Every structure is written in structure tokens, then in C-alpha cells.
Amino acid sequence: MGLVIADDLLGRGLQRIQREIDQAFDLKLPVPDDSRASLVEAMRHAAIGGGKRVRPLLLSAVAEMYGVSRPAAVLAGCAIEAIHVYSLIHDDLPCMDDDDLRHGKPTVHKAFDEATAVLAGDSLHALAFEILAGRQVSTDPFIRAELVYALASASGHTGMAGGQMMDMVAEGEAFDLRTVTLLQQLKTGALLGAAVEMGAILGKVPEEGRSHLRAYARDIGLAFQIADDLLDEEGDEMLAGKALRKDAPAGKATFVSLMGVDGARQQAQALSQQAIGHLASHGKEADLLRALAKFIVERDR
């Protein structure tokens with residue numbers, strides 16, 4: 001990750017949250033000494049030691065701006081990452097994207113089996129809400145309820161799962177730019193948006209005070225997916241740790257196929273700058289969010 005090296009603030013932030021999320025999953029997922037062992041081992045295989053942890057970083061960066069305790073922010077970040085990881089396990093299944101590699105290691109259904117992969121995804125989905133409902137995240141039941149609502153609404157048919165359904169249908173449809181944008185706002189953007197929203201909820205930011213953060217999240221969500229489309233077109237599979245160049249043979253419309261490589265790259269950069277502009281009311285406390293907006297469009301994996 002070239003930018004992580006170049007940006008010390010972002011590099012430290014990513015390394016710290018990656019370490020903290022791994023530790024949180026390790027504590028939450030002890031392997032039992034009974035016939036559930038392979039299920040928990042599959043959950044650990046997917047959840048520990050992989051991924052950039054962009055969503056927990058977003059959540060913790062926003063929470064930190066508003067004085068939230070680090071342990072509470074990390075736990076909430078673990079919850080949103082559990083949802084993200086569950087979605088990857090299910091997306092990789094033969095009935096969905098049928099992938100063999102994720103984060104440079106075998107996908108869960110390859111390392112274990114399909115039934116275990118389904119249950120591991122289901123269990124991580126449940127773990128997310130178990131964490132958010134617990135008093136360790138917040139002693140305020142209204143905060144906990146709002147966190148659960150934000151993550152649930154971003155995860156289901158009105159968010160990530162709905163976007164995945166649109167993505168599956170896309171193989172047989174000629175989607176235009178507006179439809180592809182909606183698809184990606186749901187599939188990718190909803191969970192990124194939830195991360196920002198949850199950080200603000202933990203920070204007790206009132207609804208009317210979150211509009212600039214929501215605008216930031218919307219722009220980085222689209223920029224993130226455009227960058228993903230560019231990586232699928234031009235990226236290195238070894239660096240990505242997953243199969244690339246699958247969209248075009250499947251006949252899926254993407255930002256790159258609709259806008260061209262140069263047009264897509266310019267749009268991603270414009271969205272990144274626009275996202276940074278939404279943080280104008282903040283000082284140095286938002287520098288990590290600014291660095292993350294740049295990283296999203298400049299990453300190599």
C-alpha cells in the first residue's frame with residue numbers, strides 16, 4: 001500500500017485498527033472444545049488477519065473526533081467488520097461469485113466446506129448485533145438501539161444485501177450509469193456510510209449535525225467502488241489477494257465500462273476531493289479522514 005508508507009498518520013491508523021480488530025475477534029471467538037470447533041475456526045479464518053479494516057477505521061476516526069473512548073469505538077468497529085466479513089464469506093460461495101481466494105488465502109468454503117461457510121457467515125452476522133447490544137459499547141440503551149438500527153438498515157435489502165442482489169442481476173442486464181451508481185451505493189456505500197454514522201452516534205452528534213459526515217461518506221463510498229473497478233481492470237492479483245478481471249467476461253456494467261479508464265479515474269479523484277471538502281468545518285482532528293479519502297482512490301489493492 002504505497003500511500004500508507006507515504007502518509008504516516010494513515011499508516012499508523014491502519015496498523016493500529018488492524019491490530020485492534022484482530023485482537024477483538026480473537027477474544028470474541030475462542031475455539032470451543034466440542035463439535036462447534038470447526039465453525040469457530042472458520043469464523044476466525046475469515047475474520048482474523050485479513051482486510052484493510054477501512055470500515056472500523058472510519059468508525060473509530062469519527063468517534064475519536066467527538067471524544068468517544070477507544071475501547072467502545074473498537075468494539076463497534078468489530079461489529080461492522082463482522083458484517084463485512086460475513087458478506088465476503090457468502091459472496092465467495094459457488095452460488096454467488098464462486099471465488100477461491102480472499103485476502104491471499106483460500107476462501108472459507110474452500111478451506112472448510114460450503115455448509116460451514118454458510119454457518120460461519122450467519123454466526124458473524126449474529127455476532128455483530130450481539131456486540132452492539134452489549135453494555136461494553138455503551139451504557140446508554142438509546143445509543144445501543146441507534147447503533148443496531150444503523151447497522152441493520154445498512155446490511156439488508158435496503159443496503160448491502162440489496163446491492164448484492166442487483167449485482168447478481170447485472171450479468172443479464174444492460175445497466176446504465178444511474179443504475180450502477182445505485183447498485184454500488186447499496187452494495188459498497190451503505191456499510192461505509194454506516195461506519196461514519198455509527199461513529200457519530202457513539203459521539204452523540206445530533207441528527208442535524210451529521211449531514212456533512214453523511215455527505216463525506218457518500219462521496220468516499222462511490223470513490224471506493226470506482227477505485228475497485230479500476231483495480232479489477234488494471235490491478236495485480238497477487239497484490240489484491242483475490243481474482244480480478246471478472247466483471248467484463250460476466251457482461252457486468254461498471255464505472256470503468258461506462259466511463260472509460262480515464263473518466264473513471266478522474267471521477268474518483270473528484271469525489272475524493274469533494275469528500276475532503278465536506279470536512280472544512282473540522283480542523284486537524286479530521287486529518288485521518290482526509291488521508292483516508294485520498295488513500296481510497298490511490299490504493300493498489
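Let's begin with a pair of charged residues: R53 and D22 form a salt bridge, and their closest N and O atoms are 2.6 Å apart. Because R53 sits in the loop between helix 3 (37–47) and helix 4 (54–65) while D22 belongs to helix 2, this pair ties together parts that are 31 residues apart in sequence. Keep in mind as you look around that this is a predicted model. Are the two partners buried or exposed? R53 has a relative accessible area of 2%, so R53 is buried. D22, at 22% relative accessibility, counts as partly exposed, since the cut-off for buried is under 20%.

R12 is partly exposed, with a relative accessible area of 46%.

Now look at E146, which forms a salt bridge with R210; here the closest N and O atoms are 2.9 Å apart. This pair links distant parts of the chain, for E146 is in helix 8 (residues 141–155) and R210 is in the loop between helix 10 (177–202) and helix 11 (211–234), 64 residues apart. With a relative accessible area of 28%, E146 is partly exposed, whereas R210 is buried at 4%. Salt bridges that share partners join E146, E197, E207, R210 and R214 into one network.

Let's return to helix 2 and see how it packs. Helix 2 (residues 8–28) meets helix 14 (residues 287–298) at an angle of about 90°, with the axes 9 Å apart. That makes the two helices roughly perpendicular. On the helix 2 side, the contact is made by L9, L10 and L14, and on the helix 14 side by D287, L288, A291, L292 and F295. Sorted by type, the residues of this contact are 7 nonpolar, no polar and 1 charged.

L292 leads us on to the nonpolar core. In soluble globular proteins, nonpolar side chains tend to be buried together. The largest nonpolar core here has 95 residues, and those touching the most other members are F25, L58, L124, L151, M198, Y216 and L292. Leaving aside residues up to four places away in sequence, L58 touches L192, A195, V196, Y216, I220, L289 and L292.

Our last stop is Q164, found in helix 9 (residues 160–169). At 6% relative accessibility, Q164 counts as buried. Which residues does Q164 touch, not counting those up to four places away in sequence? They are D91, M96, D97 and K187.

Methods:
Residues numbered from 1 in each chain as written. Predicted model: local features only at pLDDT ≥ 70, side-chain atom pairs only at ≥ 80, totals over all residues. Heavy atoms only, no water. Axes fitted to C-alpha atoms, helices over the stretch in contact; angles between N-to-C directions. Helix = DSSP H or I, 4+ residues; strand = E, 2+ residues; numbered from the N terminus. Parallel < 35°, antiparallel > 145°, perpendicular 65-115°, else oblique. Contact = heavy atoms within 4.5 Å. Nonpolar A, V, L, I, M, F, W, Y, C, P; charged D, E, K, R; others polar. Core = buried A, V, L, I, M, F, W, Y, C linked by side-chain atoms within 4.5 Å. Buried < 20%, exposed > 50% of the residue type's maximum accessible area, 1.4 Å probe, protein only. Salt bridge = Lys/Arg side-chain N within 4 Å of Asp/Glu carboxyl O.
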